[in-house]
Amino acid sequence: MRSQKPIIRIGELLLFSVAIGAVNLFFRENPGFFRGSFNPFLLLALIVAAYYGKYYGLLSLLFSAVVIALPIPLAINLFQPGTWGLSYWFDLGSLALVPMAVTLVSVYILGLIRDAQAGRLTKQRERVRLFSRQKGELLKQKRVLQTINQELEQRVSRQQDSITALHSDIQELYSLNLDKALETILTTVQRFSGASVISIWEVHPESRDLHLVVNRGWEEGASRPTIVSVENSIEGWVLRNNTIFSVKMLGQYENLRQMDRGHNIMTFPVAAGRKIWGVLNIANMPFAKYNIYTEKLITMILALAAPALERVVEYAAVVTQAEMHPLTGLPGFAQFFSLLNNTLQRARQNKETLSVLILELNNFDALLEKYGRENTLKLVSQLAGQMVIVSRNKARLFHYKDESQIALLYPNLDYDGASLFSLEALSVINEKEWTLNEQIVNLEVMVGYASLSEEQLEAEGLLQIAENILEMQKV
């Protein structure tokens, strides 16, 4: 819900006073409720002053005074002619003078306290914005230092089989693009094994077949099958037994010799999390690389890739079934909620952390009115792309309940990490120069977040916490 306009708020105050006045008609012997110990007219003014400030509190008191002085006696005389005369106002004055004076002073004091708190909150927000900008400057310096450090690392470590290169390849798997992830696995395995002919196969449980997904080094027009049986192939044997095949095993096992087609030097099971997703097969590699060290190295690479591949496969399944937004290319809320439920359940089982973040473009309506829906949504798409960079491809992005909102599902991130990520995201947004139609645009972005805790919250509860943080920023 967005902040109310003053005219709407004033109308609501008047409506409340009129409603209390209507109730007062049922207690005609107590006009204005000044004869009892409870006066809703005065209580309303105190509540309004504490919540909205002194001016709205005084205005509410004025509305109540007008309603008590004019509409109530007129309405009473309409139902019971001659009931009230000039004595109504004399009696009302003697009863209401002290309570109204005390309430007036109380409203002013409460309003001052509320306005002072609002002023402090505004100053704190300005300080946060200042810290965000300062952090953006520090990030610029950090990038420069990272560039220099990367150059020094390359000078010191130029060897091909480096841990740094392996780390970079594994990070690429978090792009949430299945084709790109599989290509990255092939590239990494080729770098460390020298394989010239390599392929990855995906199992289709319903047909008990393995289907070729991606390959390197296959000659065009080569008569090689792209679908093999799980039961009668070395790839299937590796899959069924969840074990590694090496060509030297042909001399030991007769059943493997019967399944051999001459296309398997080394074959490895490929896991997506704890589930065996398919196999990786090397059909040709240098003899010098065919050793136990290479075998262990490829096993390690696939083990490191398994958690990332699980996320990619799960995301690909959701996106395949989803209707992508035609302008931003993001899946919708339904897909986000479904994936959140599954991820939440797995995180609890594995005792992992999980965070949900909601980014809202607060000036979305103003941009919409000025630049149109298509251009504004392109800006939302750019914002989503920037969040992919900030999260280092670890967060999954969706549209939330509104087009101006982006939801991030961020596994392995706790509450403190979500808070730091929010600050980093705001810094990047403030630092970046956003343009539409060659005009610089200011993005007013708010972030709400929630994390999996010891409380057994369901998806709805987790999202409610993040939404509450968003709403608190709009008060």
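I started at Leu 357, which lies in strand β7. I take helices (H or I, at least four residues) and strands (E, at least two) as DSSP runs, numbered from the N terminus. This is a predicted model, where local features need pLDDT of at least 70, side-chain atom pairs count only at pLDDT 80 or more, and totals for chains, interfaces and linings use all residues. Residues are numbered from 1 along each chain as its sequence is written, and side-chain values use heavy atoms, with hydrogens and water left out.

**Leu 357**

Is Leu 357 buried or exposed? Leu 357 counts as buried, at 0% relative accessibility. For me, buried means under 20% relative accessible area, exposed over 50%, and partly exposed in between (1.4 Å probe, protein chains only). I then listed what Leu 357 touches, leaving out residues up to four places away in sequence; contact means heavy atoms within 4.5 Å. The list includes Ile 406, Leu 408, Phe 421, Val 447 and Tyr 449. I also checked Ala 395: it is 38 residues from Leu 357 in sequence, and the two C-alpha atoms are 9.6 Å apart.

**Nonpolar cores**

Next I looked up the cores. A nonpolar core is a set of buried Ala, Val, Leu, Ile, Met, Phe, Trp, Tyr and Cys residues joined through side-chain atoms within 4.5 Å. The largest has 34 residues. Among those with the most contacts inside it are Leu 359, Met 387, Ile 429 and Leu 443. Elements giving two or more residues to this core include β7 (354-361), α13 (373-390), β9 (405-411) and α14 (415-431). The largest share, seven residues, comes from α13. Ile 429 is in contact with Leu 359, Leu 383, Met 387, Trp 434, Leu 443 and Val 445. Apart from this core lies another, of 23 residues, with Leu 182, Ile 198, Ile 200 and Leu 297 among them.

**Cavity**

On a 1 Å grid over the protein atoms alone, a cavity is a set of points where a 1.4 Å probe fits but cannot get out, and lining residues have an atom within 4 Å of a point. How many cavities of 30 Å³ or more are there? The count comes to one. The largest cavity has a volume of about 50 Å³, a volume being the space filled by probe spheres set on the points. Its lining includes Trp 201, Trp 218, Arg 224, Glu 235, Arg 261 and His 263. β1 (197-204) and β6 (275-284) each supply at least two lining residues.

**Helix α8**

Six of the eight residues of α8 (residues 234-241) are buried, so this helix is largely enclosed by the rest of the structure. Glu 235 and Trp 237 are among the buried ones. Asn 242 follows α8, and its phi is positive, near 50°.

**Met 100**

Met 100 lies in helix α5 (residues 87-156). I found Met 100 partly exposed, with a relative accessible area of 21%. Not counting residues up to four places away in sequence, Met 100 touches Phe 34, Leu 42, Leu 61 and Ala 65.

**Whole chain**

The chain has 15 helices and twelve strands. Of its 475 residues, 43% count as buried.

Conventions:
On a 1 Å grid over the protein atoms alone, a cavity is a set of points where a 1.4 Å probe fits but cannot get out, and a pocket is an open set with protein on both sides within 12 Å along at least five of seven lines; lining residues have an atom within 4 Å of a point.
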